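Keep the model open beside the text as you read.

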Amino acid sequence: MSQHLPTAPYRGTRDFLPREMSVRQQVFHHLYEVIERYGFVRYDGPVLEAAEIYEAKSGREIADLQLYTLTDRGGRRLALRPEMTPSVARMIAANANSLQFPVRWYSHVNCHRYERPQRGRVREHWQINVDVFGSESPRCEVEIFELIHDMMASVGATRDMYVLRVNDRVLLEGILTHIVGVPAERIRQVSAVIDRWEKYPREQLLADATELGLTDAQFGRLEDALKADESLLANLPDDVIERSQLARILTGPAKDLVTYDPLIVRAFEYYTSTVFEVFDRDPANNRSLFGGGRYSDLVGLFSDRCIPGFGFGMGDVTLFDFLNTHGLLPQPRAEADIVVIPTQDTLYDAARAVAHQLRQAGWRTSLPLEPRKLGKEIGRADKTGARTVVILGPDDWSTGKIAVRNLTNGDQRTIEVQKVTSYIAELMSH
RNA sequence: GUGGCUGUAGCUCAGUUGGCAGAGCACCGGGUUGUGGUCCCGGUUGUCGUGGGUUCAAUUCCCAUCAGUCACCCCA
């Protein structure tokens, strides 16, 4: 009685078999292409980092509860990266003296968080990270927002399927300070209440606010402020508006890229002004798809230089839920375009030569590895998705000919072997 | 970390007044020797998630545990 190891992947992690991988590759290929079209260049980095880089700025929840940590043989405390932003900030700091700012960088990496798996959330996810470093200009925001819409369009999404909700912590702070009258030391806690605004009943929010020292009148002003549109910004002092990149966007021609929403807060502590989240409009995925923001100080963890960053992370789990919900997932790609089948084992080397010719011409071509009856082999070729089979039989071959069968419509023609690539090119073109 | 639901062949599932397990699909082979997608025939596959308990006997009842799933917390 043998005891085998489990075949299931570790909880919250996923195997990607070729069929799923094909779908993923197609989707990500579209995204990479759009990102690179904006002039972003790809980087990568280690999955292990010093645990400290997350404990400083990522937020208590992540550092205390969701970090995979380990101690190496030298006693160093390490963590599996739960997100990429601290890593890229580290790389920027390390290479700041040789980079020409601003830089546009992107990556696609796996990140780990120790969480309880459920819809939209696993323990290892694959996240695309897109960041601009070295510019305070609101043009960073505009460029990234435009990029996001292009990325969504590239995978088939239309603007009615999702919404890009944007806020600015500078504006939020201004509202809390100057309109609601929240003391500076309570801003963060009140922000956390706002983060939960859409999920909690009003009584709960009121109770939380009261506990933080807000009067009923203040809570009323908070409610009104959070319901208001961008006209509210007129009530804020000039110096607050001055410090906000978003305020300038909301009054300019790029305004229609985003929806201003004072409820967007985000948990990462390192965000300093603009914050945004993309939401699926379908109620089946009632959570944010992905998001990002502006962080002025993160590079400062590693260096005296102050290099601002602005960017976002897009995780695969929520993205694929979105694509699935909207029927936007592509079909897996066929394993091969063409299968070359010898009807007798003695014709294997001849088939190999024909296959080689087709591969030289760029076709994905496979040969059976085990001898089988022709009918079986054609059936197998069909199931793998090949649209064409080339059949080598002794009679045809002795006169320099082969049979080419179109599996889509069953048409078959016997042609001279020298013409195989041009004939198939013609066949595949429609 | 908290709570609800679920756990039988590779997949989707059926299977109780407790008696040593089934279907469809998939996979493999055959229906005469070089022609698939339909049809017919045959075959492989399960410690009934795991460990205990009750019982003459448990897939079926009880407990625990693990896993999946949904919600909460939080977030991507």
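Helices here are DSSP runs of H or I with at least four residues, strands are runs of E with at least two, and both are numbered from the N terminus. Axes are lines fitted to C-alpha atoms, for helices over the stretch in contact, and angles between N-to-C directions run from 0 to 180 degrees. Contact means heavy atoms within 4.5 Å.

This is a predicted model, in which local features need pLDDT of at least 70 and side-chain atom pairs count only at pLDDT 80 or more, while totals for chains, interfaces and linings use all residues. Residues are numbered from 1 along each chain as its sequence is written, chains are lettered from A and ligands numbered from 1 in the order in which they are written, and side-chain values use heavy atoms, with hydrogens and water left out.

Two strands count as paired if DSSP finds at least two bridges between them. Strands of a sheet pair through backbone hydrogen bonds, either parallel or antiparallel.

In the loop between α4 and β5 sits Pro 102, and the peptide bond from Phe 101 to Pro 102 is cis, with omega near -5°.

## The five-stranded sheet

A further open sheet has 5 strands in the order β13-β12-β14-β15-β16, again with mixed pairing. The edge strands are β13 (365-366) and β16 (412-416); each has a single partner strand, so one side of each is left without a neighbour in the sheet. Strand β15 (residues 401-406) and β16 run antiparallel, joined by 5 bridges, and Val 404 is found opposite Arg 413 in β16. Helix α13 (residues 348-360) packs on this sheet and touches β12 (338-342), β13 and β14 (388-392), its direction making about 160° with that of β12.

## Helix α6 and its two partners

Now to helix against helix. The axes of α6 (residues 169-180) and α9 (residues 216-227) are 10 Å apart, and the two helices pack at an angle of about 135°. They are therefore oblique to each other; angles under 35 degrees count as roughly parallel, over 145 as roughly antiparallel, 65 to 115 as roughly perpendicular and the rest as oblique. Their crossing is right-handed, meaning that the near helix is turned clockwise from the far one by less than a right angle, with anticlockwise being left-handed. From α6, Ile 175, Leu 176, Ile 179 and Val 180 meet Gln 218, Arg 221, Leu 222 and Ala 225 of α9. This contact of α6 with α9 has 6 nonpolar, 1 polar and 1 charged residues, where Ala, Val, Leu, Ile, Met, Phe, Trp, Tyr, Cys and Pro count as nonpolar, Asp, Glu, Lys and Arg as charged, and the others, Gly among them, as polar.

How do the axes of α6 and helix α7 (residues 187-195) cross, and what distance do they come within? They cross at roughly 110° and come within 11 Å, and the two helices are therefore roughly perpendicular. Leu 172, Glu 173, Leu 176 and Thr 177 of α6 make the contact with Ile 187, Val 190, Ser 191 and Ile 194 of α7. By class, the contact of α6 with α7 has 5 nonpolar, 2 polar and 1 charged residues.

## Helix α8 against α9

Helix α8 (residues 202-211) packs with α9 at about 125°, their axes 10 Å apart. The pair is therefore oblique, and the crossing of α8 and α9 is right-handed. Arg 202, Leu 205, Leu 206 and Ala 209 of α8 meet Asp 216, Phe 219 and Glu 223 of α9. The contact of α8 with α9 has 4 nonpolar, no polar and 3 charged residues.
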